[in-house]
Amino acid sequence: MSTGTPSGKSILLERAEATKRINPGDYDPMMVDSIILQAEESMDEDILDLLDRKLPGSEFPLSHDPAVREKKLKSIDRIQSGLASAATTKAAAEEKADKQRHNGIVADVYRQLSVDPNYVVPEETLTQISRRDPDFRGKLKSIREGFVSGVEDPDAIALLMADIHEGASDQFVLEKFRQGVIKDPTTLTKALDRVKAVENASKPGGILDSASYKDTIKRITNATGMEEESGLSFLDGVRGITEDGIRANHDYRTMLLEWEAANPKATLIEREKASYDIGKKILSRITPTPYERQKGTYKPLQ
């Protein structure tokens, strides 16, 4: 940024006023730090050119001082590193957003095909999808053929729903369809709808973001914990949970999502209350494992 910019003029005007009362030798080191700070805050190394300008009453520019030159070079390095980091972060965010848009468009096509396998996908949609998946046109035939109702493994579908409750994406669901885990079009639609419901309910203020929800999940896990020798994953020092705990978690989340769908305009307080009340019902049916009774970590909601 040249000295003609508002920020450059501001600094120079401040110096002119300050040096009427303060010796330039005392003020200029503060001015150097001010210029460097402003350059780094705005991520604009051109502001540092002020250090190379001969100031009124000075025989040399501020950068004539080796210490100032060193500060300038280090500042340039920090600015360039910051710009590179910001560019990388921006690119990663744009890539993530583009991938999410792509997955959403693909999921919508699958929804349409699940209703009507002969649905004609618009050319504009195919063009959009092909940017990330050039082979999608060739996959359409097999996708259409895959929409034939068949017998599904209830346990596999239950695990799929559990994965969705833990944050699995629509891409994960579509992959399960391609693998043949999902055979019924209605199951695919239900799974994709559940992904969207979980995403919305997990946002700040959503029912799966409430303090009561998090506390209940913690209590279910503690109540149905398996002994440490199981070697499974753990929460609060409890390793693994029983099938009863897995089922309770699934039922609790399902009931909360159903409540959320039925009460889209609920307040935060109403969501908290629903999370607590439904959690209390779920916890009331759990019999703590002997291991947890012995540890005394499980305490039902009163």
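Colleague: Leaving aside neighbours within four places in sequence, which residues is L208 in contact with?

Modeller: Start with the cut-off: contact means heavy atoms within 4.5 Å. With those neighbours set aside, L208 is in contact with V198, A201, S202, Y213, L256 and L257. Mind the ground rules: this is a predicted model, where local features need pLDDT of at least 70 and side-chain atom pairs count only at pLDDT 80 or more, while totals for chains, interfaces and linings use all residues. Residues are numbered from 1 along each chain as its sequence is written, and side-chain values use heavy atoms, with hydrogens and water left out.

Colleague: How do I read a nonpolar core, and which residues of the largest one touch the most other members?

Modeller: In soluble globular proteins, nonpolar side chains tend to be buried together. The working rule is buried Ala, Val, Leu, Ile, Met, Phe, Trp, Tyr and Cys residues joined through side-chain atoms within 4.5 Å. Buried means under 20% relative accessible area, exposed over 50%, and partly exposed in between (1.4 Å probe, protein chains only). Here the largest core has 42 residues, and Y110, F136, I164, V173, L188, L208 and Y252 touch the most other members. Helix α8 (residues 185-201) gives the most to this core, six residues. Helices here are DSSP runs of H or I with at least four residues, strands are runs of E with at least two, and both are numbered from the N terminus. There's also a second, separate core of 17 residues, with Y27, L55, L62 and I79 among its members.

Colleague: Next, the rings. How many aromatic pairs does a search of the whole structure find?

Modeller: You describe such a pair by the distance of the centres and the angle of the planes. Rings of Phe, Tyr and Trp (its six-membered ring) pair if their centres lie within 6.5 Å; planes under 30 degrees apart are stacked, over 60 edge-to-face, and the rest tilted. The search turns up two pairs. Y110 and F177 are edge-to-face, at 5.6 Å centre to centre and 90° between the planes. Because Y110 sits in helix α3 and F177 in helix α7, this pair ties together parts that are 67 residues apart in sequence. Both Y110 and F177 are buried. The other pair, Y213 and Y252, is stacked: 5.8 Å centre to centre, 15° between the planes. Y213 is buried at 9% relative accessible area, and Y252 is buried at 0%.

Colleague: And charges: how many salt bridges does the count come to?

Modeller: The test is a side-chain nitrogen of Lys or Arg within 4 Å of a carboxyl oxygen of Asp or Glu. That gives 19 salt bridges. Take D133 and K139, whose closest N and O atoms are 2.9 Å apart: D133 is buried at 15% relative accessibility, whereas K139 is partly exposed at 35%.

Colleague: Which helix holds both R111 and D108?

Modeller: Helix α3 (residues 66-115), where they are three residues apart, about one turn of the helix. R111 counts as buried at 19%, while D108 is partly exposed at 41%. In helix α7 (residues 170-178), E175 and R178 are also three residues apart, with a salt bridge at 3.3 Å between the closest N and O atoms. Finally, E95, D98, R101 and R132 are linked in a network of salt bridges.
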